[in-house]
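Student: I would like to learn how to read a structure model. Please take me through one, feature by feature.

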Amino acid sequence: MFKLYTDAATMNNSGNSSCGILIVHDSEQYQEKLKLTSKDNHEAEFEACLLGFKAISPLTNKDSIIVYYTDSKIVHESLEKQYAKHYQEYVDQIIEEQSKYNMVINNWIPDTKNEGAHNLATQALHLFY
């Protein structure tokens, strides 16, 4: 089983965004800090999710179980409904990535339970901007 955590961080004044991706498997951690193209926090959360599934892909196969964690309610609810009024393109791309696996479990968690990805996103914001 693979655990995937993502989080985005956006600077309010500039709109610059970054994300943190944390993958946990067999007591090993894989961490990524990435610069995003998104200019608002909601879009950044969707972009972080998509990039998280792209990052986990080389480590997995179709039989891998992916448990995905996000502290973004809009991302979680949109994936559950497979619909997002303003972010449908991201939802479609994420669902396409998730369809590569027999099982993906999407979970919403509070900010306090997503500290690993949050810290990576915040570090990336200071690193890139």
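Student: What does the accessible surface of the chain come to, and what percentage of it belongs to carbon and sulfur atoms?

Tutor: Accessible areas come from the Shrake-Rupley method with a 1.4 Å probe, and for residues only the protein chains shown count as cover. Here the surface comes to about 7000 Å², and carbon and sulfur atoms hold 48% of that. This is a predicted model: local features need pLDDT of at least 70, side-chain atom pairs count only at pLDDT 80 or more, and totals for chains, interfaces and linings use all residues. Residues are numbered from 1 along each chain as its sequence is written, and side-chain values use heavy atoms, with hydrogens and water left out.

Student: How many helices and strands does the chain have?

Tutor: Helices (H or I, at least four residues) and strands (E, at least two) are DSSP runs, numbered from the N terminus. This chain has four helices and five strands, in the sequence order β-β-β-α-β-α-α-β-α. The radius of gyration is 14 Å, close to the 14 Å that the globule rule gives for 129 residues, so the chain is as compact as a globular protein of that length. That radius is taken over C-alpha atoms, and the rule is 2.2 Å times the number of residues to the power 0.38.

Student: What percentage of the residues count as buried?

Tutor: Buried means under 20% relative accessible area, exposed over 50%, and partly exposed in between (1.4 Å probe, protein chains only). Of the 129 residues, 47% count as buried.

Student: Which residues have a positive phi although they are not glycine?

Tutor: Most residues other than glycine have a negative phi. Asp26 has a positive phi of about 50°, and Ser27 has one of about 65°. Asp26 lies in the loop between strand 2 (17-25) and strand 3 (28-36), and Ser27 is found in the loop between strand 2 and strand 3.

Student: Are Asp26 and Ser27 buried or exposed?

Tutor: Asp26 has 62% relative accessibility and so counts as exposed. Ser27, at 79%, also counts as exposed.

Student: Where does Lys81 lie?

Tutor: Lys81 is in helix 2 (residues 73-81). Its relative accessibility is 58%, so Lys81 counts as exposed. Between the C-alpha atoms of Lys81 and Val91, 10 residues apart along the chain, the separation is 9.6 Å.
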